[in-house]
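Reader: I am new to protein models. Could you take me through this one, step by step?

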Amino acid sequence: MAGGTPACIFCQIARSSTSTPLLHSDNRVVAFEDINPSALRHYLVIPVEHISTVRDLKRRAEDYTLVSHMLDVGRMLLQRDVPQSKQYRFGFHQPPFNSVNHLHLHCLALPFIPRWKHMKYLSLGPLGGFIEAEKLLDKLKPE
């Protein structure tokens, strides 16, 4: 696990070293339920390889493909599990607002529960905050 540390809880989950039930697993990503959900359904999709934050991603095909795959997995899981939801939200917290230093995509089937939790998922412009997955993909798309 390049760059990963034994202390990284998400690296442990990706290696199946915990009892966390996986909703999806392939050679690039794993997905599981958030332990502190903010919405009707709240899943996390993480890369198996340790990547600390969105700031470690570059404008290159490899990173664009990874984030695109993470988003595809998140969409598939929410559409499978909560097809009746009228609104989904997908994105990443940016430093210093990320809680775990292992890249993770928040996949939310709204509404937020409780409603005030939407505050955690706001973009703060130049300060960072939350970045929608599609906006991150625009930044990573190779020229």
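Reader: Which strand holds H93?
Author: This is a predicted model, where local features need pLDDT of at least 70, side-chain atom pairs count only at pLDDT 80 or more, and totals for chains, interfaces and linings use all residues. Residues are numbered from 1 along each chain as its sequence is written, and side-chain values use heavy atoms, with hydrogens and water left out. Strands (E, at least two residues) and helices (H or I, at least four) are DSSP runs, numbered from the N terminus. H93 belongs to residues 88–93, which form strand β4.

Reader: Is H93 buried or exposed?
Author: Buried means under 20% relative accessible area, exposed means over 50%, and partly exposed is in between (1.4 Å probe, protein chains only). H93 has 11% relative accessibility. Its strand is mostly covered too, with five of the six residues of β4 buried. So H93 counts as buried.

Reader: Which side chain makes a polar contact with the side chain of H93?
Author: A polar contact is a pair of N or O atoms within 3.5 Å; within protein, one must be able to donate a hydrogen and the other to accept it, and residues adjacent in sequence count only if both atoms are side-chain atoms. The side chain of H93 also reaches a backbone oxygen, that of K120, at 2.7 Å. The side-chain partner lies at 3.1 Å, and that partner is H106.

Reader: Which residues does H93 touch?
Author: Contact means heavy atoms within 4.5 Å. Residues up to four places away in sequence are not counted. The list for H93 is V54, N98, H106, K120, Y121, G129 and F130.

Reader: What is the order of strands in the open sheet?
Author: Strands of a sheet pair through backbone hydrogen bonds, either parallel or antiparallel. Two strands pair if DSSP finds at least two bridges between them. Here the sheet has six strands with antiparallel pairing. Their order is β1-β2-β3-β5-β4-β6.

Reader: Which strands stand at the edges?
Author: An edge strand here has a single partner strand, so one side of it is left without a neighbour in the sheet. The two at the edges are β1 (24–25) and β6 (130–132).

Reader: In β6, which residue is the bridge partner of H93?
Author: β4 pairs with β6 over three bridges, in the antiparallel sense. β4 is also joined to β5 (residues 105–112), by four bridges, again antiparallel. In β5, H106 is the bridge partner of G91. In β6, the partner of H93 is F130.

Reader: Where is A31, and what is its relative accessibility?
Author: A31 is in strand β2 (residues 29–33). A31 touches P21, L22, L23, H24, L44, V45, V73 and L77, leaving out residues up to four places away in sequence. L77 is 46 residues apart from A31 along the chain, yet their C-alpha atoms are separated by 8.8 Å. A31 counts as buried, at 0%.

Reader: How many salt bridges are there?
Author: A salt bridge is a side-chain nitrogen of Lys or Arg within 4 Å of a carboxyl oxygen of Asp or Glu. One of them joins D63 and R60 at 3.0 Å, N to O. Another joins R80 and D81, with the closest N and O atoms 2.6 Å apart. The count comes to five.

Reader: How many residues apart in sequence are the parts that R59 and E143 tie together?
Author: R59 and E143 form a salt bridge, their closest N and O atoms being 3.9 Å apart. R59 is partly exposed at 45%, while E143 is exposed at 86%. R59 lies in the loop between β3 (39–47) and α2 (61–81), and E143 in the segment after α3 (133–140), so the parts they tie together are apart in sequence by 84 residues.

Reader: How many disulfides does a search of the whole structure find?
Author: A disulfide is a pair of cysteine sulfur atoms within 2.5 Å. For C8, the nearest cysteine sulfur is that of C11, 3.6 Å away. For C107, the nearest is that of C8, 17 Å away. The search finds zero.

Reader: Which feature does UniProt place at residues 9–121?
Author: The span is 24% helix and 27% strand, and its end C-alpha atoms lie 22 Å apart. UniProt positions are given in the numbering used here, feature names are shortened, and annotations may be inferred rather than shown by experiment. The unreviewed UniProt entry names the feature "domain: HIT".
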